[in-house]
Amino acid sequence: MKKYCLILAASLPLLLGAQPQQDEQKINDLLAKMTLEEKIGQMNQLSYGDKLDDGIKAGQIGSILNIVDPAEVNRLQAIAVKESRLGIPLIIGRDVIHGFKTIFPIPIGQAASFNPEVAEESAAVAAAEARSVGIHWTFAPMLDISRDPRWGRLAEGLGEDPYLASVLGSAMVRGFQGKNLSDSTSVAACIKHFAGYGAAEGGRDYNSTNIPPHLMRNVYLEPFKAAVEAGAATLMTSFNENDGIPSSGNTFLLKTVLRNEWKFDGFVVSDWGSVNGLVTHGFCADQKEAAMKATNAGLDMEMVSRAYIRHLPDLVKERKVSEQTIDEAVRNILRIKFRLGLFDNPYVDVSKPSVFYADKHLQAAQKAAGQSVVLLKNNGILPLGNMVKTVALVGPMADAPHDQLGTWIFDGDKTRTITPLAALQQQYGKQVKIIHEKGVAYSRDKSASGIPAAVKAAQSADVVVAVVGEEAILSGEAHSLAEWELKGAQKQLIAELKKVGKPLVVIVMAGRPLTIQQELNAADAMLYSFHPGTMGGSALADILFGKVVPSGKLPMTFPRENGQVPMYYNHNHTSHAFRGNEKMIDDIPLEAVQTSLGNSSYYLDAGASPLFPFGFGLSYSTFEYSDLRLDKATLKQGETVTATVTLKNTGKHEATEVAQLYVRDLTGSIARPVKELKGFRRVSLKAGESTEVSFALHTDDLAFYGIDMKKAAEPGAFKLWVGGDSNAKLEVEFDLQ
Ligand code: BGC
């Protein structure tokens with residue numbers, strides 16, 4: 001029997017230690033030589049395309065974003081290094097979110113892998129490709145917790161759970177930054193958007209958030225804290241205001257939490273124009289006041305809106321901003337420039353061979369895509385067996401090389417995308433005949449004129465594989481939706497295919513959890529791949545034919561009906577929890593008198609349960625959990641309890657299961673979530689094999705911000721579950737003294 005043991009979050013190592021004393025000395029020496037204007041120049045980031053040469057020469061620009069031509073990077077860097085008075089190099093930034101050239105699954109897809117190795121490797125590949133053209137700094141990972149499928153940017157994040165986002169976000173930071181920021185394959189990470197951006201009201205991007213202090217600390221800030229502990233070099237503020245205070249002017253977040261409590265020593269950048277945003281929020285009367293409030297709040301570098309460069313010189317003269325505050329900001333920026341090695345080696349070596357789409361990058365992208373696919377239903381049709389001779393491949397996403405890549409892929413090349421059509425033809429074309437008919441041209445296309453041809457293809461095939469979903473542009477920044485069922489004529493396509501009566505496999509490629517109840521009912525099997533990136537088609541083809549067994553788990557709850565949102569597994573206990581035997585809408589007699597029915601929290605027409613819970617995902621095999629036990633029933637502060645479960649592969653395929661550990665603190669000084677993920681582990685087992693899986697849970701892992709706003713594990717009784725999703729039933733109890 002193999003043994004697996006997982007050490008939980010509290011013991012995450014501090015990867016990047018304190019910066020050597022020499023750098024601090026060099027920073028101080030440099031600061032002593034800088035004029036106030038040169039200092040403020042370091043705090044100014046502009047976008048490539050603006051006229052930059054003169055500003056760089058004058059020491060008025062510290063950073064440029066959105067430049068990807070290495071020759072141009074070197075030209076501008078030479079102006080900074082050779083022609084500006086002090087020769088301070090530029091730091092070049094870019095949104096390298098889920099790959100630079102080789103595109104990995106969108107982050108919400110990577111989250112479905114529940115695999116920090118996938119997250120780390122995808123970031124490392126992205127870093128190597130990006131740094132090869134002179135990019136030093138990526139604006140990723142996005143650690144915004146989101147519980148709302150309407151919000152298009154959830155595609156860029158790691159789901160609804162703070163623990164999952166902490167583990168995977170920290171892994172991404174490690175992947176981007178490597179062992180040493182100055183390596184030619186590393187970039188500085190930028191954790192964003194600080195804070196609460198994912199809770200935008202109604203899922204409308206940029207909107208207000210109303211996150212109360214306990215929730216902010218216990219859910220929304222947790223992944224940021226973990227990523228700071230993992231050594232994240234920079235952090236970006238968010239566009240939203242929370243309870244009236246916009247993030248770019250939020251002293252509590254930027255000073256009290258980030259600097260004083262978490263001891264963050266990197267630098268903070270605004271989001272695009274978010275210093276000006278302080279004026280549009282009505283938080284400041286004009287740009288000058290915005291520059292003052294942002295700088296004093298602790299925002300070190302301003303992205304593109306030029307409030308700092310215009311107004312800080314006067315604000316310092318007027319003593320509204322102290323020179324000490326400016327020095328602190330510049331010190332933070334220079335520290336990262338030193339760590340990136342820019343003072344020693346500011347240029348990119350253009351003579352090196354290209355690393356774009358290197359074989360090992362493509363292999364990593366394919367592995368990541370394979371692990372990001374979630375099997376939601378299977379009546380036995382998958383994997384496709386030898387009897388299948390003809391496959392009808394239909395749907396708007398079956399051969400959509402651009403859309404399969406997902407949001408935020410400025411630099412990805414769609415001609416390198418392997419779509420399901422290409423993969424099935426190349427990898428399985430000898431063993432099966434593929435008949436391809438789109439049926440619906442693109443995801444929003446309302447025309448049903450192509451459906452008859454798709455139906456005809458289905459009639460002549462043994463199996464129908466319909467690849468539906470969303471185009472890339474329907475998720476991402478500024479792309480929120482009020483209705484998120486399949487768009488265009490796609491629902492009609494599935495309904496017509498169902499009527500043909502052939503086995504129907506539905507693959508959904510999307511940037512969010514779509515509401516798919518109807519299609520799920522129609523399908524014999526359903527795979528959810530999110531937007532799977534460059535190698536997505538190859539990964540899906542291997543899954544269809546059983547070369548790869550699905551192992552992904554949902555990083556977000558999938559609601560049954562749109563009106564159920566927000567819906568997330570780790571909600572607090574209500575006083576009126578749903579029991580499951582309540583009357584539903586059709587049970588209510590005509591002219592019923594007013595009654596409180598089941599007296600519980602649910603919808604008459606949709607109940608209280610989701611379509612799929614957080615953590616859900618099937619396999620071609622089956623797993624059995626048994627004999628959950630603890631090494632102690634009572635725990636003292638500072639101790640660790642070990643939970644062990646026996647996990648058996650009871651099916652016919654070698655497969656990987658993500659074993660998940662959940663905990664509930666029965667009573668707290670504030671109401672506590674019904675369940676919280678506290679550990680997970682990917683476990684691979686041969687058919688019939690079993691193993692013991694152990695999770696070590698330290699009392700720090702049970703800590704939360706209670707009524708007094710101090711983080712502590714409060715004494716009392718706890719329940720603990722281990723299983724294959726957040727509905728895990730195997731349960732034990734323990735006490736914390
Ligand atoms: C986005 C950021 C991004 C920045 C720079 C903003 O609109 O909110 O996430 O990093 O642009 O492109």
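Two strands are taken to pair if DSSP finds at least two bridges between them, and the strands themselves (E, at least two residues), like the helices (H or I, at least four residues), are DSSP runs numbered from the N terminus. The views below show a predicted model, in which local features need pLDDT of at least 70 and side-chain atom pairs count only at pLDDT 80 or more, while totals for chains, interfaces and linings use all residues. Residues are numbered from 1 along each chain as its sequence is written, and side-chain values use heavy atoms, with hydrogens and water left out.

**View 1. Pairing of strand E15 with strands E13 and E16**. Strand E13 (residues 390–394) runs parallel to E15 and is joined to it by four bridges, with Val-394 of E13 having Ala-466 as its bridge partner in E15. E15 also pairs in the parallel sense with strand E16 (residues 504–509), over six bridges, and here Gly-469 is partnered by Met-509 of E16. Between E15 and E16 the chain passes through helix H18 (residues 490–500), forming a right-handed β-α-β crossover (with the strands pointing away from the viewer, the path from the first strand over the helix to the second runs clockwise).

**View 2. Burial of strand E15**. Seven of the seven residues of E15 (residues 463–469) are buried, so the strand is largely enclosed by the rest of the structure; buried denotes under 20% relative accessible area, calculated with a 1.4 Å probe and protein chains only. Val-463, Val-465, Val-467 and Gly-469 point one way from the strand, whereas Val-464, Ala-466 and Val-468 point the other way.

**View 3. The open sheet of five strands**. The strand order is E5-E4-E3-E2-E11, with parallel pairing. Strands E5 (137–138) and E11 (302–303) stand at the edges, each with a single partner strand, so one side of each is left without a neighbour in the sheet. Strand E2 (residues 44–47) is joined to E11 by two bridges, and Gln-45 has Met-303 as its bridge partner in E11.

**View 4. The surroundings of the ligand**. The ligand is surrounded by 13 residues, the closest being Asp-95, Arg-153, Lys-192, His-193 and Asp-271, where a residue counts if one of its heavy atoms lies within 4 Å. Oxygen atoms of the ligand lie 2.7 Å from a side-chain N or O atom of His-193, 2.6 Å from one of Asp-271 and 2.9 Å from a polar side-chain atom of Glu-477. The protein covers 93% of the 310 Å² of accessible area that the ligand has on its own, as computed by the Shrake-Rupley method with a 1.4 Å probe.

Technical notes
A polar contact is a pair of N or O atoms within 3.5 Å; within protein, one must be able to donate a hydrogen and the other to accept it, and residues adjacent in sequence count only if both atoms are side-chain atoms. Buried means under 20% relative accessible area, exposed over 50%, partly exposed in between (1.4 Å probe, protein chains only).
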